[in-house]
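Welcome! Here is a short briefing to read alongside the model.

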Amino acid sequence: MGDDDLEGLPPAMRALLDAGGEGPPAPAHVKERLLRRVETTVHLAPNVADRRETWGVAEVPAPESSTYVASAVGYASRVRARKFPLLAASFAVGLMTGGAAVYALLRPEHRTAPSEQLAQAPAESSTWSPSSGTGPPPAAASSHDVLAPAPSTHIEPRASAAPDHGNDGSLAAERALVETARAALARADGPAALAVLARHTREFPNGTFVEEREALAVQALAQTGDVAGAKARGERFRRRYPRSLFLPVVEEATHGD
Amino acid sequence: MGAWPPSFRSIYEAEFDYIWQTLRRLGVRPSDIEDVAHDVFVTVHRKLADYDTFRPLRPWLFGIAFRVASDYRRTARFKREVFDGETDREDVAPIADQQLETKEAHKLVMAALETINLDQRAVFILHELDGHTIPEVARALGEPLNTIYSRLRLARKAFITAVTRMQVTHGR
């Protein structure tokens, strides 16, 4: 069977496709913004292909709501194996791109105790309701409750739901925070990671990397020995991001060996 | 595109608009295209080493975009909100008759595409809009040739039916 054997499109339909097949292009600023987002993601997850096997093109699985999960799985495994130097090296690329913002965050005066950082977060976390985005903060929240998102049954839009990303500078700053937290986690410095994540919550309550932040927070809580906190936050993560690519990481962090 | 094999950045620069158009044609809602495109390009970045440079680039990109879009369309969010009437932002600037006709034609094409089963639509887009041969389409989608021919036949029929109905409905 060949295309010649098929009944082709009538000329009028062909003309319609020729006239209307192309829509308007995306705005140039969207193209630039998206490139930065993609670069941020791939820098944060340099080894994602490690876990995935050799797909043919037809077998390339689609990433879900968030993208660098597979790498995070490998990451978690490596953390558990205590191969921190390797991790630190892999994250160095991202850290370097964070530039001055990262440096500032790594200064000792920013190593505030996590409980102190977390205690400052309720005002921002009140905007996390997935239905309205403006719900009140949870009453009587524990330290890890403060940062926890409300349950969600759908994939959260990222850039489109990030009103605090009005410019490229804020995206770079947000990226620097997430990279810093990840680097702290790689150093097995859970308290520092939590402190940076708390800062991210204050400054970017609805940022592009909320999902990544929450996955890191679960790992950081587990790393600091707060098993109950990690489990509770992990459960909220699962409800909020039921299709997240980070779920294996969260599961591993909350269930341990 | 310059150097070969292409770098990720060169692919992004050259094919961003193609991916954007493809995702629209595959039914990704306007407000979600950027997020879905993000996942497409992350996948492209990660799979670039597997790209066979002896084959055309766009079918390979389409294969990735198709799978990401398929996954997106299975999400509860898409299913819940797909019929909320969201449309592209209207351009408020005055437009010439020719532009108006093009815009109307585009809306008609997009509406007709939306009536076609996604698997069939992918074949239709690759062949009828992107101009790829059936073997290229088959390779991009990982399906046997006969399956592609069958889908193309069904897609053409569905497209013609949809356009005809909409033209009747709107008195065109």
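**A first look**

Helices here are DSSP runs of H or I with at least four residues, strands are E runs of at least two, and both are numbered from the N terminus. This is a predicted model: local features need pLDDT of at least 70, side-chain atom pairs count only at pLDDT 80 or more, and totals for chains, interfaces and linings use all residues. Residues are numbered from 1 along each chain as its sequence is written, while chains are lettered from A and ligands numbered from 1 in the order in which they are written.

**Helices α2 and α3 of chain B**

- α3(B) is mostly covered, with 13 of its 17 residues buried (20 or more other C-beta atoms, placed from the backbone, within 10 Å of a residue's own).
- Helix α2 (residues 33-47) of chain B packs against helix α3 (residues 57-73) of chain B at an angle of about 135°, their axes 9 Å apart.
- Among the residues making the contact are Val36(B) and Val40(B) of α2(B), and Leu61(B) and Tyr72(B) of α3(B) (C-beta atoms, placed from the backbone, within 7 Å).

**Chain A**

- Chain A has 12 helices and 0 strands.
- Of the 257 residues of chain A, 45% count as buried.

Conventions. Axes are lines fitted to C-alpha atoms, for helices over the stretch in contact, and angles run from 0 to 180 degrees between N-to-C directions. Two residues are in contact if their C-beta atoms, placed from the backbone, lie within 7 Å. A residue is buried if 20 or more other C-beta atoms lie within 10 Å of its own, exposed if 12 or fewer, and partly exposed in between; C-beta atoms are placed from the backbone.
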